[in-house]
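Please have the viewer ready as you read.

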Amino acid sequence: MEEEKAFIKELLDPKTQNAAFQKLISTYQKPLYYHIRNIVLNHDDADDVLQNTFIKVFQYLKNFKGESKLYSWIYRIATNEAITFINQKAKKNKTTSEEIQLRIVNNLKADVHFDGNEIQIKLQKAIAVLPEKQKLVFNMKYFQDLKYEEISEILGTSVGALKASYHHAVKKIEAFVTTN
Amino acid sequence: MKDFKLDNHPKINTGFIAPEGYFDDLSQKISNNIPQNEVKVIPLNSRKSWLFSAAAILIIALCISITFKLTAIPAETDEAALENYITIHSGISESDLLDLLDEEDLRKMNVSLNVESNEIEDILVQNTDVEQYLIN
């Protein structure tokens with residue numbers, strides 16, 4: 001915690017800001033990229049959202065109160081950015097975010113930045129039709145191995161509610177894969 | 001397909017991959033896109049600016065009313081100004097002026113002169129032409 005406070009101080013000090021921000025990017029770029037990619041599904045969109053996320057982190061860093069951990073604050077910004085992006089994309093295409101995600105998942109085989117087999121595609125199709133919250137919880141718990149406490153801090157939902165969401169998501173996914 | 005159970009299946013990863021070398025220059029790319037020394041934009045329709053505008057208008061209105069009050073024309077016009085006015089506006093005829101005079105004004109204008117008859121005699125002796133006027 002003390003280490004994090006010192007790092008935040010470095011991020012806010014104009015003299016050390018640039019070096020500290022480079023360090024922040026190299027620490028979080030990979031986990032954040034995959035977190036965002038799981039939501040927006042294609043690489044180009046994930047790249048846009050990831051860059052916007054880091055720019056927002058930089059702009060709002062002076063407002064960071066330290067009430068939550070730095071990583072959960074950054075994850076929250078990334079999650080919001082990704083959801084906003086997918087909703088705006090759906091609005092632009094006059095459709096729903098679920099329809100957009102299904103369209104991308106159905107074309108995964110042709111995606112050069114996807115290297116998966118039939119079961120992976122089937123799993124993505126099952127996730128695409130889940131309600132938004134269950135989708136987020138499943139991605140963060142199953143693929144990213146985040147703890148419930150960490151997810152709770154990022155999404156602002158109680159651990160109990162998250163466990164229930166994950167349980168429902170798993171049941172729906174198992175039923176989808178069994179019948180398809 | 002028999003009942004699929006996630007826990008019984010080996011861990012499935014997403015299959016998503018990033019292009020090769022994508023993360024190598026990402027931090028530089030992001031740093032280049034960060035706006036430097038952002039200019040603070042003050043919205044015109046903010047509540048504060050409306051308050052300032054209202055206060056400014058009130059002050060201007062007060063200044064104008066005070067200035068007018070201080071430079072107001074006195075209600076009573078002095079006699080010299082009145083005389084000048086009559087001289088300039090020669091369109092006002094003698095009869096017009098007479099019409100405006102009432103009994104009281106005429107009484108005030110009636111000046112009683114106590115002139116002795118010998119004094120009149122002296123004036124007539126000195127000014128011979130006056131006698132001419134009196135005869136005619």
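## Ground rules

This is a predicted model, in which local features need pLDDT of at least 70, side-chain atom pairs count only at pLDDT 80 or more, and totals for chains, interfaces and linings use all residues. Residues are numbered from 1 along each chain as its sequence is written, while chains are lettered from A and ligands numbered from 1 in the order in which they are written.

## The two chains

Chain A holds 9 helices and 0 strands, and chain B holds 7 helices and 0 strands. Helices (H or I, at least four residues) and strands (E, at least two) are DSSP runs, numbered from the N terminus. Of the 180 residues in chain A, 31% are buried; in chain B, buried residues make up 3% of 136. A residue is buried if 20 or more other C-beta atoms lie within 10 Å of its own, exposed if 12 or fewer, and partly exposed in between, with C-beta atoms placed from the backbone.

Where the chains meet, chain A contributes 27 residues and chain B contributes 20. The chain B side of this contact has 12 nonpolar, 5 polar and 3 charged residues. Two residues are in contact if their C-beta atoms, placed from the backbone, lie within 7 Å. As for the classes, Ala, Val, Leu, Ile, Met, Phe, Trp, Tyr, Cys and Pro count as nonpolar, Asp, Glu, Lys and Arg as charged, and the others, Gly among them, as polar. Within chain A, among contacts between residues at least 6 apart in sequence, 59% join residues at least 24 apart.

Buried residues of helix 2 of chain A include A:Phe21, A:Leu24, A:Tyr28 and A:Leu32. The buried residues of this helix pack against helix 1, helix 3, helix 4 and helix 7 of chain A, together with helix 1 (26–33) of chain B. Just after helix 2 of chain A, A:Leu41 takes a positive phi of about 75°.

## Two helix pairs

In chain A, the axes of helix 5 (residues 97–106) and helix 6 (residues 118–128) come within 9 Å and cross at roughly 175°, which makes the two helices roughly antiparallel (over 145 degrees). Axes are lines fitted to C-alpha atoms, for helices over the stretch in contact, and angles run from 0 to 180 degrees between N-to-C directions. This contact has 3 nonpolar, 2 polar and 2 charged residues.

The axes of helix 8 (residues 148–155) and helix 9 (residues 159–179) of chain A also come within 9 Å, crossing at roughly 105°. Helix 8 and helix 9 of chain A are therefore roughly perpendicular (65 to 115 degrees). Their contact includes A:Tyr148 and A:Ile151 of helix 8 and A:Leu162 of helix 9.

## One loop residue

A:Thr95 lies in the loop between helix 4 and helix 5 of chain A. Because A:Thr95 has 13 C-beta neighbours inside 10 Å, it counts as partly exposed.

Conventions: Parallel < 35°, antiparallel > 145°, perpendicular 65-115°, else oblique.
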